[in-house]
Amino acid sequence: MNAYIITRDNLRTWIDALIRDYTLVAPVREEEKVSLFKPVGSFTEIDLNYTNSTISPKGWLFPQTEEMFFFFTSDNQINLEDACKPGTTILFGLRPCDVKGIIALDPVFNGTYQDCYYQMRRQNTILVCLCCTRVERHCFCNSMGGGPTNGEGADLLLTEMEDGYGIEVLTSRGEELVNKYHQLFAVDGDNRVSKTRDEMGKKLASQFSRKVDISGIKEFLDQHFELPYWNELAQRCLGCGICTFICPTCHCFDIFDQSPDGESGVRSRCWDSCMFSHFTRMAGGHNPRPTKKERIRNRFLHKLKYHRDRYNLDGCVGCGRCINKCPVNIDIRQIIADLQEVARYDQLPLS
Amino acid sequence: MKVQENLRDIARKLLVNKEATLVIGYAPGSEVSRVIPAFIRKEEEVDHLIWNPLCVNNLAKYLLDYNQEPGKVAVVVKGCDSRAIVRLIQDNQIPREKIIILGIPCPGLLDPETVASRLNPNTQILSASLNEQAFSIQTEEGIFTFSRNESLLEKCRSCEHHTPVIADFMLGEEIPPANRVDPFEKVKKLEDLPVKDRSDYWDKQFQRCLRCYACRNVCPACTCRECVFDQAEPCWIAKANNLSENTAFHLIRAFHVAGRCVDCGECDRVCPVNIPLTLLNRKILKDIKDLFNVPTPGTNLNELPPLGSFTNSDPDEFM
């Protein structure tokens, strides 16, 4: 595929043109320590120097609250009206781990059951990935099959260079985004972009604070559903939804209707969290995951086993958000290391 | 590290003599700047317990998970956390005789982010000390000093009780009240703004709330068996995440803990999107102090919260 180079000035022009022609969603520094993906109105609002957004950008494909359709009654009939009609959106400046998060969500909403809401947004969204230039202390994407300069799954891949940005075209959709404004780009004739990216990748590879070994973890969990370890972990879990809500791959939702008059209203869906005590509560009150132990086990089995079982993809991309934000230091890297220990020393219940 | 030694000695005695079946304290976390709540039941695990200036969590609320425990539960508390113990006892959430309070006079904590920015995450803290100017942290890689002024945790700047207000064992020497920053400084600044600006300020904060309920779950004043926000019938707050529902959530939460919030700052600490919840709680705390001239809730075991008791001298201008 083709590669181009764009100067910093032209990048600005390009982004302002994209803002004019599309909805551009990019990282914005909301507060001193809060970085969010938001629609922007000009280049100056964007913070490309961010390391990882506080909340993953998955909400632009799978909003926290999404109106599915409106309903109203007339002539003894119930009428439905579509609610979601998104235009073309560019997710600009995604980090490689977040692209990988979207790739992990795709088969969930695009499998046996085709989720028209996700599909509609996904088809109308162009992913522009930005290679990392530093590694945060919670990052471990390189342990989960990704890497800070691995933009696989994106439409365009940007690499910061001394004199601007390198742009590698990964799909035809990405190519269009360049072609439309071709006067801003110079063709990269001598592979400078991929060389710079490779160098950056090598440099960053040594900066990870922790390497995680997930080999054999899924196979171990296949055989061991009950482990006293989950009890240990559950003791300190607060049962809040931080980890699931900021995670790029968590995707549980709940559907509900809002109707002020009983005659008309809106059906929406909204993120739910398997860490909430009422998540699996059924009509009548039975709850198959009655304590924090079952709930925390479910979350980590999802990340380390179920997603692999179902889609042959890891359910964790190593973005490190949950590690950073968990108020009681439940650290998935540590859990993987602990499970390796449990597997090695066979500290298991009598089975 | 005398406090840590005392802590381990007492924890060991309590478990060996079967005076307690469980000790809730702190243990090293997955990286140098973090600690984890630890639940110690065996004598041989006692040496996991640590005390250092990164022990930020308030452990009091975990007592609720063990209210059916056959034996006594011992819990480690700092000054701020100890008010939560009083709170839980006053709310009849835990019987006083079922708990053993291990009080640690705390001179102030280090901001974990500051520590994380300077230390190798994979090193271990060997010892820690604090003088008037600086924290000194000895790790496997040397001694690191952090200026008190720059590295003190924000909430500790206005610390009201360095020494726990209630304890069965005091694990260090009492620390007298010191000069502190006015805890209501920021509240007053916000109060002075025009209504429109105040409204805009909170809209911006609540807009990004994720409704993860971490602030509720960590709060020692939030002890309802079923929270109103979890009720499906009636549905007080819709699950939809928008400014209107988020604002309703935050205002209901703040008013539910009004007069019972012990100002431990945990809600503020855990919020993943940095909503300044302390500011909201302190506004109510300030109003209650102004109205009823009472100490911060949880200060005295024998003094019931103003909104949970009645006296003839209560102000009644609104009647």
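## Conventions and the model

Two strands are taken to pair if DSSP finds at least two bridges between them, and the helices (H or I, at least four residues) and strands (E, at least two) are themselves DSSP runs, numbered from the N terminus. The structure is a predicted model, in which local features need pLDDT of at least 70 and side-chain atom pairs count only at pLDDT 80 or more, whereas totals for chains, interfaces and linings use all residues. Residues are numbered from 1 along each chain as its sequence is written, while chains are lettered from A and ligands numbered from 1 in the order in which they are written.

## The eight-stranded sheet of chain A

Chain A holds an open sheet of eight strands with mixed pairing, in the order S3-S2-S6-S7-S8-S9-S1-S10. Its edges are S3 and strand S10 (186-187) of chain A, each of which has a single partner strand, so one side of each is left without a neighbour in the sheet.

Strand S2 (residues 23-31) of chain A pairs with two strands of this sheet, as the next bridges show. With strand S6 (residues 89-94) of chain A the pairing is in the parallel sense, over three bridges; Thr23(A) has Thr89(A) in S6(A) as its bridge partner, and Leu24(A) stands opposite Ile90(A) in S6(A). With strand S3 (residues 34-39) of chain A, S2(A) runs antiparallel and is joined by six bridges, among whose partners are Glu31(A) and, in S3(A), Val34(A).

Helix H2(A) lies across S6 and strand S7 (125-130) of chain A, and runs at about 145 degrees to S7(A); here axes are lines fitted to C-alpha atoms, for helices over the stretch in contact, and angles run from 0 to 180 degrees between N-to-C directions.

## The four-stranded sheet of chain A

A further open sheet in chain A has four strands in the order S5-S4-S12-S11, with antiparallel pairing. Strand S5 (77-82) and strand S11 (253-258) of chain A are the edge strands, each pairing on one side only, and the twist from one strand to the next averages 25 degrees. Strand S4 (residues 65-74) of chain A runs antiparallel to S5(A), to which six bridges join it; Phe70(A) in this pairing has Glu81(A) in S5(A) as its bridge partner.

## Domains of chain A

Chain A is assigned a domain 1 (3-205) and a domain 2 (217-345), with bounds that come from an automatic or database domain assignment. The C-alpha centres of the two domains of chain A lie 26 Å apart, and their contact takes 34 residues from domain 1 of chain A and 28 residues from domain 2 of chain A, where residues are in contact if their C-beta atoms, placed from the backbone, lie within 7 Å.

On the side of domain 1 of chain A that touches domain 2 of chain A, the elements giving two or more residues are S4 and helix H2 (96-109) of chain A, and the largest share, nine residues, comes from S4(A). The residues of that side divide into 17 nonpolar, eleven polar and six charged; Ala, Val, Leu, Ile, Met, Phe, Trp, Tyr, Cys and Pro count as nonpolar, Asp, Glu, Lys and Arg as charged, and the others, Gly among them, as polar.

## Chain B: dimensions, domains and a helix pair

Chain B contains ten helices and eight strands, and its C-alpha trace spans about 55 × 45 × 40 Å along the principal axes. Its radius of gyration of 20 Å agrees with the value near 20 Å that a compact globule of 319 residues would have, the radius being taken over C-alpha atoms and the globule rule being 2.2 Å times the number of residues to the power 0.38.

The division of chain B is into domain 1 (2-170) and domain 2 (185-308), whose C-alpha centres lie 25 Å apart. In the contact, 20 residues of domain 1 of chain B meet 16 residues of domain 2 of chain B, and the domain 1 side comprises ten nonpolar, three polar and seven charged residues.

Helix H6 (residues 195-207) of chain B and helix H8 (residues 243-256) of chain B have axes that come within 9 Å and cross at roughly 100 degrees. That makes H6(B) roughly perpendicular to H8(B), a class that covers 65 to 115 degrees, beside roughly parallel (under 35), roughly antiparallel (over 145) and oblique (the rest). Asp203(B), Phe206(B) and Gln207(B) in H6(B) meet Leu243(B), Asn246(B), Thr247(B) and His250(B) in H8(B).

## The contact between the chains

The contact between the chains takes 28 residues from chain B and 34 residues from chain A. On the chain B side, strand S2 (35-40), helix H7 (214-218) and helix H9 (266-270) of chain B each supply at least two residues, and the residues of that side divide into 15 nonpolar, eight polar and five charged.

Key. Contact = placed C-beta atoms within 7 Å.
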